[in-house]
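This briefing covers a helix pair and a sheet. Please look over the sequence and the model before reading on.

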Protein chains: 2
Amino acid sequence: MNRRAVEAAQAALSGLVCKTPIIRSPELDRLAGANLFLKAENLQRIGAFKARGAMLAISRLEPAVLERGIVTYSSGNHGQAVALAAASFGTRATVVMPENAPQVKIAAVRTLGAEVIFAGTTSTERQEVAESLGRQRKAVVLPSFDHPDVILGQGTATLEMLSQMTDALDALVVPVGGGGLAAGASLALEGTQVELHTVEPIGCDTLRRSLLAGRPESVEPAPTIADGLKSVKVGAHNFPILQKRVCEAHTVSDEEMGRAVVAALFSAKMLLEPSGAAPLALALRGTLRNRYKNVGLLCSGGNIEPSVLARLIAA
Amino acid sequence: MNRRAVEAAQAALSGLVCKTPIIRSPELDRLAGANLFLKAENLQRIGAFKARGAMLAISRLEPAVLERGIVTYSSGNHGQAVALAAASFGTRATVVMPENAPQVKIAAVRTLGAEVIFAGTTSTERQEVAESLGRQRKAVVLPSFDHPDVILGQGTATLEMLSQMTDALDALVVPVGGGGLAAGASLALEGTQVELHTVEPIGCDTLRRSLLAGRPESVEPAPTIADGLKSVKVGAHNFPILQKRVCEAHTVSDEEMGRAVVAALFSAKMLLEPSGAAPLALALRGTLRNRYKNVGLLCSGGNIEPSVLARLIAA
């Protein structure tokens, strides 16, 4: 996998996903001490970048395979993405979700025509149920990050961003759950000088620990407001790609992500979910001040429960 | 004034204002029964389309005039726009604001380097104080809608939208306070088949009443959540332009605008102020269903108080 493969993915995705805008806010720039370029993947189809990887992976399946349906497991946005992609290619998705998944994400998957099955609360439990279903039905099980086409699809968010920039980016900050978006970014950034920073919630830092250890390390994910970033282990396909490119792996607190959601809302007029606001949380801490002029933030999604948003605004 | 004058305004504004994106939402389309194209002027500089008109008008002043500063009166967004434009052209703005202006708008005007003077609560009181100041200082008083360059500048929002559309628009819905944005839209739509609909808050419908009467009619504006749409009387320059083009003039309730703010937030991930959500409020009522295929909504701004938004989400 390399940048050329991401370029091929971008061509394949033409017309299937949105070209999302880059949003600027003088107020956020002032707070961060850098020029921030917010890539608005909250405006992507299904409200998150996940549409890119799922759409690419499913577009590459043989008709006979497609016909048996797609199985996946997801805490939310990837489930919606697979549901959308399955429907777009005339087949049906079955999404194994955690019992405590946000209502807004469950409803969205069902609205897109997919079947929902609930299994436990950990990604391990979901994965077991999904793989068992896949064997029964002889159906493809599409993981949410540990898959070459998923990585390439997610990489198009960064490739697209580079093509939209009139000024050169000095750094890019990407949130990490299992590393799909960040591994894709790593490939898309090949041949550029852009420094890649990753952000994970405190206590869910499988990538940060894996980079220190030199091999994929599991974590027992701590509770976090960022439901999209609660992975047990960075992907096996993803890790070596990330290891070659990541400049620094950071962690942010729930409080910082909550404040970033509110700042994005009132200063940049964009609704982000806590996972999607993690890069802004890092920028608002001032970590990048005096270090970079132009910083890209991959604002990965905007699917947040109204009650959660109301609580963050009141905080 | 005509479409060519709006084209000239667009060329003059290049680099001074943002090209704002058009945002789509399958969920909002479903609720409205039409394909909605949301022109995101909440992402314009200062968070509202008003930057366009103010920037154009001030760019056209002679240096000797500029030097004496600019005076204006505004309930909010126009004040910010004049403050920004004055600073951009190396001069200073004085903004006469109502005593009950939203805190967020007062703070924003001051952050942009303008002087704020408070005068009463009606636009008549503000206008008198501004004109008296203008005479004292021999300074230009820039009104918020009743001015040719302001109308032409606001018209660029519609012209830009037309250039961004790949499908043809059948209708465009524009909110009306004094009619700057809508008169600009009327000019920009010359030579097209697009039907222009306007929206005012119930009880603040100076345009609707003026169209019925055949001449500008004053209203005593009723209380409304849409602080940007509380004008006493449609502009004298604006009315004849609107009279030639407006297809239908509608009114919407505070409750409808409040629901539209929440729908835009969670379905389209965009933060709108109630005035900016007025066109969506009309669309969500179903007024345009089965009548048009592609409907443009001029989502005019996104400057809303956090406490107001929290209340609308909880409603």
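Which residues in helix 10 of chain B meet which residues in helix 11 of chain B? B:Leu207, B:Ser210 and B:Leu211 of helix 10 meet B:Phe239, B:Leu242 and B:Gln243 of helix 11 in chain B, where contact means heavy atoms within 4.5 Å. The model is predicted, with local features needing pLDDT of at least 70, side-chain atom pairs counting only at pLDDT 80 or more, and totals for chains, interfaces and linings using all residues. Residues are numbered from 1 along each chain as its sequence is written, chains are lettered from A and ligands numbered from 1 in the order written, and side-chain values use heavy atoms, without hydrogens and water.

- Helix 10 (residues 206–213) and helix 11 (residues 238–245) of chain B pack at about 70°, with axes 11 Å apart; axes are lines fitted to C-alpha atoms, for helices over the stretch in contact, and angles run from 0 to 180 degrees between N-to-C directions.
- Helices (H or I, at least four residues) and strands (E, at least two) are DSSP runs, numbered from the N terminus.

**Sheet**
- Four strands of chain B form an open sheet in the order 5-4-3-6, with parallel pairing; strands pair if DSSP finds at least two bridges between them.
- Two bridges join strand 3 (residues 70–73) to strand 6 of chain B, and B:Val71 stands opposite B:Val141 in strand 6 of chain B.
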